[in-house]
Amino acid sequence: MGDLISDRNLENRVPPEMQRRVLQMHRAGVPLREICRDLFPATSIGTAMRWVRTIVHNHKVDTVTATTNDPIVARSDAPFADQILELDGDMLIMSDLHIPYHDADLIDTAIRHAQDMRIKQWLIVGDLMDGNQWSKRGLNQTYQRRWQDDAEIAQAIVAQLVEHVGPGTVLMGNHDAWFVRHFRGQAETEWLLSRLFRTDDNVLWSMFEQCRIKSGGREIRATHGANYSGANPLGVGQRLAAKWECSVVMGHQHHATHGLSWSGRHQIVCMGGMHDPRKLSYIHEAPRTNPAQTRSYVILTGGNMDHVIADAWH
């Protein structure tokens with residue numbers, strides 16, 4: 001169900017006659033991918049596949065409804081949970097700032113790069129804040145910062161991004177969720193964060209760890225990432241690209257790398273983050289065999305991701 005679209009969006013994008021042609025080809029046994037290529041040649045395969053799957057799914061639902069009697073079990077008015085955020089255009093993409101352990105010099109560099117490329121919006125793919133005050137690891141430290149002080153630093157950085165680049169979007173990361181989950185059921189995530197960080201309509205806060213981006217006629221899925229692989233961080237992105245059938249940009253792993261999907265048709269970028277690894281306590285608590293942490297950001301223009309990698313820290 002996660003790759004379907006709403007009936008209203010479907011009606012706006014695929015005329016009824018075209019929907020009938022999709023069903024005719026599907027009944028004839030034509031594979032969905034071939035239907036996409038034949039009927040929607042000017043549309044990205046990921047978008048066309050969502051349209052076709054939605055049409056086929058709706059037809060199956062209509063068929064079942066038409067052949068059954070009155071409803072037996074109680075229906076639910078709970079909304080679908082798959083309506084994730086959709087963004088459009090070119091943008092500066094960053095992840096894992098882990099404020100207050102952010103690399104201010106690298107963020108400055110990214111902002112100037114975005115200005116040179118005439119980028120007018122930005123996206124943070126999770127872990128804006130480190131928030132170790134809310135974690136078991138942070139509670140074990142002998143010295144602990146006040147979370148309120150860290151939030152004020154984040155307020156300033158978000159305001160500076162708006163001033164020097166433009167409006168932006170912040171996705172949820174696992175570190176951000178440490179704080180937010182204390183208020184679940186009491187305040188909506190978007191409402192809470194917009195007021196906590198004193199932002200207006202220039203910044204969109206999302207409760208999701210992912211979003212869809214349309215740029216240069218291509219689809220890119222941006223996600224913080226729930227999976228981690230120190231041995232093969234690129235492999236995580238490749239598995240996601242195979243699942244979503246589009247390019248992927250992700251954070252979370254702190255190991256900057258990039259490459260192509262297994263099909264060779266999609267870009268994969270695993271960003272290293274915009275933090276200073278020397279300040280992350282868990283790296284120094286015990287020796288680890290994980291690869292060196294690297295920092296990076298992405299400039300997205302015309303559907304192509306330029307992955308800028310800073311020096312590694314061992």
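**Helix α10**

I looked up which residues of α10 are buried, and found Pro233, Leu234, Gly235, Val236, Gly237, Gln238, Leu240, Ala241 and Trp244; buried means under 20% relative accessible area, exposed over 50%, and partly exposed in between, with a 1.4 Å probe and protein chains only. Helices (H or I, at least four residues) and strands (E, at least two) are DSSP runs, numbered from the N terminus. The model is a predicted one, in which local features need pLDDT of at least 70 and side-chain atom pairs count only at pLDDT 80 or more, while totals for chains, interfaces and linings use all residues. Residues are numbered from 1 along each chain as its sequence is written, and side-chain values use heavy atoms, with hydrogens and water left out.

Nine of the twelve residues of α10 are buried, so this helix is largely enclosed by the rest of the structure. I then noted that the cover over those buried residues includes β6 (210-215), β7 (218-223), β8 (247-250), β9 (257-260) and β10 (267-270), where contact means heavy atoms within 4.5 Å. Just after α10, Glu245 takes a positive phi of about 60°.

**Backbone entries**

Most residues other than glycine have a negative phi, and most peptide bonds are trans. His98 sits in the loop between β2 and α5 and is buried, with a relative accessible area of 1%. Pro100 lies in the loop between β2 (91-94) and α5 (104-116), and the peptide bond from Ile99 to Pro100 is cis, with omega near 20°. Arg118, in the loop between α5 and β3 (122-124), has a positive phi near 60°, and is exposed, with a relative accessible area of 71%.

**Nonpolar cores**

Here I looked for a nonpolar core, a set of buried Ala, Val, Leu, Ile, Met, Phe, Trp, Tyr and Cys residues joined through side-chain atoms within 4.5 Å. The largest core has 34 residues, of which Leu92, Met94, Leu97, Trp122 and Leu128 touch the most other members. The helix α7 gives the most to this core, with six residues. A second, separate core of 17 residues includes Met91, Leu123, Val249 and Met271.

Leaving aside neighbours within four places in sequence, the contacts of Leu128 include Leu97, His98, Ile99, Asp176 and Phe197.

**Ile299**

Ile299 is placed in strand β11 (residues 296-301) and is buried, with a relative accessible area of 1%. I noted that Ile299 and Ile93, 206 residues apart in sequence, are 6.3 Å apart in space, C-alpha to C-alpha.

**Cavity**

How many cavities of 30 Å³ or more does the structure hold? I found one, a cavity being a set of points, on a 1 Å grid over the protein atoms alone, where a 1.4 Å probe fits but cannot get out, and lining residues having an atom within 4 Å of a point. About 120 Å³ of space lies in the largest cavity, the volume being the space filled by probe spheres set on the points, which are joined across faces, edges and corners. Of its 16 lining residues, Met129, Asp176, Val180, Leu193 and Phe197 lie nearest the centre.

Technical notes:
1 Å grid on protein atoms, 1.4 Å probe; cavity = no way out; pocket = protein on both sides within 12 Å on 5 of 7 lines; lining within 4 Å.
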